[in-house]
Amino acid sequence: MSAWRQAGLNYINYSKISAKLLRQALKSDLKADALKREASHLKVTKWEDGKPIKTSEY
Amino acid sequence: MLGKAVVQNAFFGQQQRGMATLKAISMRLKSVKNIQKITQSMKMVSAAKYARAERELKQVRPIGNGAKQFYEQAEIAPPEDVPQKLVIAITSDRGLCGAVHTSVARHIRTELAKDDQNIKVVCVGDKSKAILSRIYGKNIILACNEIGRLPPTFGDASKLADAVLKSEYKFGSGEIVYNRFKSVVSYQTSILPVYSLQSVAASPKLSIYDSLDDEVIQSYLEFSLASLLFYSMKEGACSEQSSRMTAMDNASKNAGEMIDKLTLTFNRTRQAVITRELIEIISGASAL
């Protein structure tokens with residue numbers, strides 16, 4: 001078992017973090033464009049019994 | 001507005017029955033013209049957004065096809081002992097784009113009508129949530145919004161995939177319902193299959209892939225869920241923009257027809273008023 005999975009991450013989180021680090025390592029002229037691709041606006045809400053639950057935070 | 005004007009005229013008895021006043025017609029004409037302006041500019045905006053969405057879709061298609069190929073080559077079948085299914089509806093927050101959202105929701109509704117015990121729904125976009133929550137609110141386990149204003153990113157897709165994996169809902173098989181973009185004027189509501197780790201591991205044809213262990217499969221499935229979602233979001237966004245473009249084009253055309261008709265009645269009424277006034281003057285003069 002790899003270390004990141006033991007730490008409670010799944011592959012999505014793992015690759016997200018690696019991608020973030022890679023983007024930060026880019027040269028400044030390429031960095032601006034790459035950082036735009038990182039943005040995410042989606043909001044996820046959990047639902048139960050036909051009602052949204054506030055507490056979940058992703 | 002027109003009806004009100006007619007009632008008023010009948011009350012005062014100033015004009016012929018059924019004839020709207022000049023003022024009422026000109027007000028209506030103005031409002032229709034404003035609506036046409038709005039729909040026209042919305043069309044322009046969505047045309048620009050569509051061009052961008054199509055360009056991005058072309059780049060994303062290989063990712064989606066690659067992820068799809070894995071399931072096809074391994075010939076994975078949904079497990080029979082686990083009836084739980086997951087359905088992911090890919091829509092967006094924004095309306096005024098024809099039937100893109102309703103056709104996705106309708107597809108899911110027919111499935112839920114057959115079996116509403118074992119199917120859980122993930123709603124992406126406010127539109128599918130609004131349509132499905134009324135009758136099948138209890139089947140929704142996750143709902144997402146803030147999608148559709150900007151083009152979807154891989155970050156969005158991975159956030160959603162992460163939420164689906166962490167939702168603690170154990171599903172045997174699943175499907176992503178989305179609108180596949182065919183051309184500027186057409187899209188097709190299609191499904192992409194998704195399977196759980198158990199059903200993939202149980203597949204007899206998995207041995208065609210070399211050096212697979214459980215962890216590799218698990219990592220790959222997590223990643224492929226994100227890329228399938230990303231692909232379907234892009235397809236959905238592109239179909240939505242193209243559909244909005246046609247919808248707004250039709251709306252502007254209809255408004256144009258209405259403007260023509262209203263201008264005609266406006267001119268006719270104006271002339272009728274002038275004629276009536278002339279008759280009144282002449283008959284008044286001859287009575288002297």
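## Salt bridges in the model

A salt bridge is a side-chain nitrogen of Lys or Arg within 4 Å of a carboxyl oxygen of Asp or Glu. Side chains of opposite charge can pair when their charged atoms come close. The structure discussed here is a predicted model. A search of the whole structure finds 13 salt bridges over all chains.

In chain B, R52(B), E56(B) and K234(B) are linked in a network of salt bridges. One of its contacts joins E56(B) to R52(B), with an N to O distance of 3.2 Å. These two residues are separated by about one helical turn, because they stand four residues apart in helix α2 of chain B.

The two partners can also be described by their accessibility. E56(B) has a relative accessibility of 18% and counts as buried, because the limit for that class is under 20%. R52(B), with a relative accessible area of 40%, is partly exposed.

D249(B) is partly exposed at 28% relative accessibility, and K43(B) is partly exposed at 27%.

## A bridge between a helix and a strand

E111(B) forms a salt bridge with K85(B), and their closest N and O atoms are 3.5 Å apart. E111(B) lies in helix α3 (residues 100-114) and K85(B) in strand β1 (residues 85-90), so the pair ties together parts of chain B that are 26 residues apart in sequence. At 15% relative accessibility E111(B) counts as buried, whereas K85(B), at 23%, counts as partly exposed.

Technical notes
Residues are numbered from 1 along each chain as its sequence is written. Chains are lettered from A and ligands numbered from 1 in the order in which they are written. This is a predicted model: local features need pLDDT of at least 70, side-chain atom pairs count only at pLDDT 80 or more; totals for chains, interfaces and linings use all residues. Side-chain values use heavy atoms; hydrogens and water are left out. Buried means under 20% relative accessible area, exposed over 50%, partly exposed in between (1.4 Å probe, protein chains only).
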